[in-house]
Amino acid sequence: MYAVQFDFPGGRETLSYREAIEPILGTGEVMIGFEASSINPADVKISSGRIAPRAGTSPFTLGWDLVGIVDKVAPDVDTFRVGDRVIGMSTMASTGRGTWSQLVALPATSLALAPAGIEPTVLAQLPLAGLTALKAVDELGPIPDQAVLVVGAAGAVGSCVVQLLARLGVEVHALVRTHAQGDALASVGPVSAVYTGEAPASSFGAIIDAAGIDAAYALRPGGTYVTCVPGTLPESVGANGAIGVTVIVPESGTNLATLLGYLADGSLNLGEPSVFRLSDIATALMAFENRLGRRTVLTS
Ligand SMILES: NC(=O)c1ccc[n+]([C@@H]2O[C@H](COP(=O)([O-])OP(=O)(O)OC[C@H]3O[C@@H](n4cnc5c(N)ncnc54)[C@H](OP(=O)(O)O)[C@@H]3O)[C@@H](O)[C@H]2O)c1
C-alpha cells in the first residue's frame, strides 16, 4: 500500500508518495479505501514543522479529509458495511493518523455515509473546513440578531461559515484580502457587505475569524470573538467584557451528516476544485500554494 509521508519536517520536497505499512483495524473502526482528500493549511503547518503531531512516530502520513469506500469493518461496528462510500475527517495533529493513504482506519463515529450523486472530489472539500465552520458558528451561542463579521470569508472555512450563518438568517459581513475574493463571494451566498483590507471599527456584536489576523478592532464592547486559528486570539479580546473563543475541531460523523443535509437542501455549496493524483503530491502542493479561490483536491 502507498501513502504520502514525511520523515522530518521541511518544505514540499519532504513529502513523498511511498510504500507504507497498512494501518491496523482497531475496535470500533472502519478501514477505508482512499478515493479523495483535499489539501488544507494544517497539512502544510504539520509538514513544515509549525505544528508537531501529538501522536504517532516518524514516518508520518499527512491528510485530514477523506472520501472512500469501506474495505473492512471491526466486528463491533454495525453502522457501515463493506462497499459503502463514506466521508470522514481525521484530526491528524492529535492522532497521527493521516488520510493521504490508500488505506485509512478511522473510528466509525468519525464517519458519515456519503450521498449518491456528488463526486468524491467535490465532497472531499467538506470535512475539515465544514466541521470547523460548524463548530465556529456553534460557539456564537444563540443565533445573533446583529450582523456578524466573517474574516477570511473567501477561504475554505470562511466560505462555509458565511453559508452556515446565512442559512440561519444572520446578516453576514465579510472581510477579505483582495477585490477578486470579494467578487468571488457573490457565488458563495448572501453577504450584506464586503470589506477589503479593513472592516469598520467597533461595529459587530460577533466576529468569526477564519484567517488568523487581529480583527478585534471591529468588535463592539461585550461582543463574541471566535477564532478558527489557534494561537491568534487577540489579547485585546477580553477587555470591555468581550468573550474570546478558539475553535478546536472535533472528529464527528454526526456533524458531518448535518453538513451533508445542508448540501442536500442546497443551503451549503462547495465549488469545483482543482484535482490532482495522490501520487503527484509535489504538483498538488505547488497548486495549493498558488491557489486562486479553488480548493486543491487529491484523488486516487
Ligand atoms: N482550529 C481548528 O481546529 C482548525 C480547523 C481547520 C482550519 N483551521 C485553520 O483555519 C485557517 C483557515 O483555514 P482555511 O482552510 O479556510 O484556509 P484558506 O482557505 O487559506 O483561507 C484563509 C483565508 O483567509 C484569507 N486572509 C488571509 N489574510 C487575510 C487578511 N489580512 N484579511 C482578510 N482575509 C485574509 C486568505 O486569503 P489569501 O488566500 O489571499 O491569503 C484566505 O482566503 C487556517 O489557519 C487553518 O489552519 C483551524
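How much space lies in the second largest pocket? About 500 Å³, a volume meaning the space filled by probe spheres set on grid points joined across faces, edges and corners. You're looking at a predicted model, where local features need pLDDT of at least 70, side-chain atom pairs count only at pLDDT 80 or more, and totals for chains, interfaces and linings use all residues. Residues are numbered from 1 along each chain as its sequence is written, and side-chain values use heavy atoms, with hydrogens and water left out.

Start by selecting Ile-21, Pro-23, Thr-61, Gly-96 and Arg-97: of the 21 lining residues, these are the closest to the centre of that pocket. (A pocket is an open set of points on a 1 Å grid over the protein atoms alone, where a 1.4 Å probe fits, with protein on both sides within 12 Å along at least five of seven lines; lining residues have an atom within 4 Å of a point.)

Next, colour strands S1 (2–6), S4 (60–61) and S7 (103–107), which each supply at least two lining residues; strands here are DSSP E runs of at least two residues. S7 gives the most, three.

Now hop to Tyr-195 and Phe-204. Their rings pair edge-to-face, 6.4 Å centre to centre with 65° between the planes (pairing needs centres within 6.5 Å, edge-to-face planes over 60 degrees apart). Both residues are buried, that is, under 20% relative accessible area with a 1.4 Å probe, protein chains only.

Last stop: Arg-167 over the face of Tyr-262, 3.7 Å from the ring centre, and Arg-291 over Phe-288 at 4.0 Å. For Arg, this takes CZ within 6 Å of the ring centre and within 35 degrees of the ring normal.

Terms used:
Rings of Phe, Tyr and Trp (its six-membered ring) pair if their centres lie within 6.5 Å; planes under 30 degrees apart count as stacked, over 60 as edge-to-face and the rest as tilted. Buried means under 20% relative accessible area, exposed over 50%, partly exposed in between (1.4 Å probe, protein chains only). Helices (H or I, at least four residues) and strands (E, at least two) are DSSP runs, numbered from the N terminus.
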